Amino acid sequence: MKKYTSINDIDNLQQTLQEAITLKKSPFQFETLGKHKTLIMLFFNASLRTRLSTEKAAKNLGMQVMVLNVSDAWKLEFEDGTVMNLDTAEHIKDAAKVLSQYADVIAVRAFPSLKDKQKDESEYIINSLVTHASVPIISMESATGHPLQGLADALTIEEFKTKKRPKVVLSWAPHPKALPQAVPNSFAKIMQHLDVDFCITHPKGYELNPEITKDVPIVYNQEEALKDADFVYVKNWSSYMDYGKVLSQDTSWMMTKTKLGNAKFMHCLPVRRNVVVEDAVLDSESSIVIEQANNRTYSAQIVLKSILKSL
Ligand code: CP
């Protein structure tokens, strides 16, 4: 693997998942692969799980890790040919080349503005790094995708499934803030590569990018969508069509124990209790969110392992 900025960078998902399951049983089996190699993690936005699980994964492979919160560095310029006489102090062209002197792999987290759809969809931050850095780039969540999360989600379903082709439902939930579409995008993408019966349920107006959801059934009636589900992945996202807007805070879309039935509950975390999902779900045996968060380490480790092997 030469980079990991999208689910599309995975060549063979089934093989990757099986390798991750094996790696999880023996996480230190490649502990010298990353010896004398450095991962730099750049954060434009906050993180708990991604930051710690990616660092843990790198250390399990023997890598050294350096973390930079970008707000502590010089303000970066991304426009080509700009006369930099305003508040940006360093061009990404120079920063990316310098970072490549210190790192063997660069991981970056950069959320969307949710104001300028075209700019967000250009993925200018992560793509500038791909263009100007001379080392592999990993997305730790960008404007339109969260591929490390998506891989951990697929791994979790692979581990917990009790039938060959489980039914998986991605269910929108209310939230007071406008959140990105990155997590549902990557989940919808990876589910189309798994042997699952997958559908998405949300109120009208919350359709994700149709270039991502393609032929995935959209069911506007949540109760109908949840019928006979084996896994229910609950997530809020803001409108894609009315870009970045909160169109509804309809509390009836919150996940409850009654609605969940016999399904396993999934969420990427962090989650707002009793807004997105009631306590009775999160505190029950049906919730696999902690196991899902644990799998973030192994999804990052399998990606880093593959990248290290390509160096
Ligand atoms: N799920 C996830 O990416 O968590 P963090 O935002 O805490 O990294």
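Let's start with C268, which is buried, at a relative accessible area of 8%. Hi everyone, and a quick reminder that what we have here is a predicted model.

So, how many disulfides does a search of the whole structure find? The search comes back with zero. A disulfide would need the two sulfur atoms within 2.5 Å. Looking from the other end, C268 is in no disulfide either, with the sulfur of C199 as its nearest at 18 Å. And is C199 buried or exposed? C199 is buried, with 7% relative accessible area.

Next, please find helix 2, residues 49–60. With twelve residues at 1.5 Å each, helix 2 should span 16 Å, and the distance between its end C-alpha atoms is 16 Å, so the two agree. Which residues of helix 2 are buried? They are R49, T50, S53, T54, A57, A58 and N60. If you look down the axis of helix 2, these buried residues lie within an arc of 160°, so they line one face of the helix.

Finally, let's go to the surface. M66, V98 and Y102 make up a nonpolar patch there, and together they have about 280 Å² of accessible area. Of these, M66 sits in strand 2, residues 64–69. M66 counts as partly exposed, because its relative accessibility is 40%.

That's my tour, and I'm happy to turn the model around for anyone who wants another look.

How values were computed
Residues are numbered from 1 along each chain as its sequence is written. This is a predicted model: local features need pLDDT of at least 70, side-chain atom pairs count only at pLDDT 80 or more; totals for chains, interfaces and linings use all residues. Side-chain values use heavy atoms; hydrogens and water are left out. Buried means under 20% relative accessible area, exposed over 50%, partly exposed in between (1.4 Å probe, protein chains only). Patches are made of residues with over 30% relative accessible area and no salt bridge: like charges are joined within 9 Å, nonpolar side chains (Val, Leu, Ile, Met, Phe, Trp, Tyr) within 5 Å. Accessible areas come from the Shrake-Rupley method with a 1.4 Å probe; for residues, only the protein chains shown count as cover. A salt bridge is a side-chain nitrogen of Lys or Arg within 4 Å of a carboxyl oxygen of Asp or Glu. Helices (H or I, at least four residues) and strands (E, at least two) are DSSP runs, numbered from the N terminus. The expected span of a helix is 1.5 Å times one less than its number of residues. The arc is that of the directions from the helix axis to the C-beta atoms.
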